[in-house]
Amino acid sequence: MEIKYQFDRHEPYGDKHLFVLALDRKKMKERILVGSDLEVRARLDGNPDAEVLCDRSRPLGTFLINLGHDPDGQWNLRGLMPLNEALHSNRWKQPELEKSAADFLTAEALTGDPAKLYAAYRIWNGYLIAREYRDREAACDRFTREISHLLLAFRLESAMFYDRESGKAERFQADTLYYGRTPEADTCLTLWFPDSQRTSECAVAYESFLPLVTYYLNRLNDWGLCFRQCKVCGKYFLAKSQRYELCSDKCRKAQALQNKREYDERARENNYDLLYKNECQNWRNKINKAKKTPGFPEDRLAKMQAAFEDFKEEALHRKTAVKKRTASPDEFTDWLYQQSNVIIELATAKPDPL
């Protein structure tokens, strides 16, 4: 059972809530759970009644692909700072500051992204805990330092570190984000290894998402999987090789439909183009026959040749209109059939009486 978290004043959760990631290479799936240690373990052991904030199974790689980029620092400005200010304000100003932060955190939590839900929960629950301390200033400092590590991953332009030619994941180094020593929080990760009931390895994060990014990319690198961009919807996905170009059954069906449309269009184009070539040959045959006919009037032959040039010029114009979809193939073929009468009339016309 998933619990819907409320971003309002209530008793803070005393249990430490974790962000737990399990990767399934065989099924190409990732599973993410958010909850207390005991409840998450119970859920992993097959208990559907264990109360967690989140339990999502998604295509492998989704965590890295969707990890929210926050270039303008909105999580700090609209989520963290109002609550920081509320901890230093009198009780009359606090409700407005709390509501401002709660509106932002609620909207982020409702996006369906487990990472955003976890960050929103940690910020709000951390604030509720900090309010209970007599020394608000010291509690606020601890709260801010703790959350700043968690939000650092949102500063990454992208968590998809991979070779642009091969698509294969590259190993990530958290120290690239710092000028000095990398904090321990951004390099440490807890692993739950499989046991008699839990068959998959789980990576557990609390203080920072960055160790999860490192762990995830290293696993993908070991497995030789590739990041690919779907040619239909444009979304990124993970594949077993570069030959995969479509991310889902939905896009495969859309591509199949597009292929059918293109095939039908080529068939229609080939049809009217073939009719045009046949009609050109019909005109050439009649002109060549006239040339070989003894005594055929030179003026009529000249008219036939001039009419042929006009026919080709007009046909080219009409073919272009069909390709640009400003005219239909049926209109072009109807016009072609009418042109057969033109050359027949010129070839069989009786000479003018003297």
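The radius of gyration used here is taken over C-alpha atoms, and the globule rule it is set against is 2.2 Å times the number of residues to the power 0.38. For this predicted model, the rule puts a compact globule of 354 residues near 20 Å, yet the protein comes out at 35 Å. The C-alpha trace spans about 125 × 55 × 45 Å along the principal axes.

Buried residues account for 41% of the 354. Among contacts with a separation of 6 or more, 64% link residues 24 or more positions apart.

Once neighbours within four places in sequence are set aside, F209 touches F19, F63, A115, Y118, L150, A153 and F154.

The largest has a volume of about 530 Å³, and of its 20 lining residues, P59, L60, F237, L238 and C247 sit closest to the centre. Strands β3 (54–59) and β7 (236–239), along with helix α2 (62–66), each supply at least two residues of that lining; the largest share, 4 residues, is from β7. By residue type, the lining of this pocket splits into 11 nonpolar, 3 polar and 6 charged.

Technical notes
Residues numbered from 1 in each chain as written. Predicted model: local features only at pLDDT ≥ 70, side-chain atom pairs only at ≥ 80, totals over all residues. Heavy atoms only, no water. Contact = heavy atoms within 4.5 Å. 1 Å grid on protein atoms, 1.4 Å probe; cavity = no way out; pocket = protein on both sides within 12 Å on 5 of 7 lines; lining within 4 Å. Points joined across faces, edges and corners; volume = space filled by probe spheres on them. Nonpolar A, V, L, I, M, F, W, Y, C, P; charged D, E, K, R; others polar. Buried < 20%, exposed > 50% of the residue type's maximum accessible area, 1.4 Å probe, protein only.
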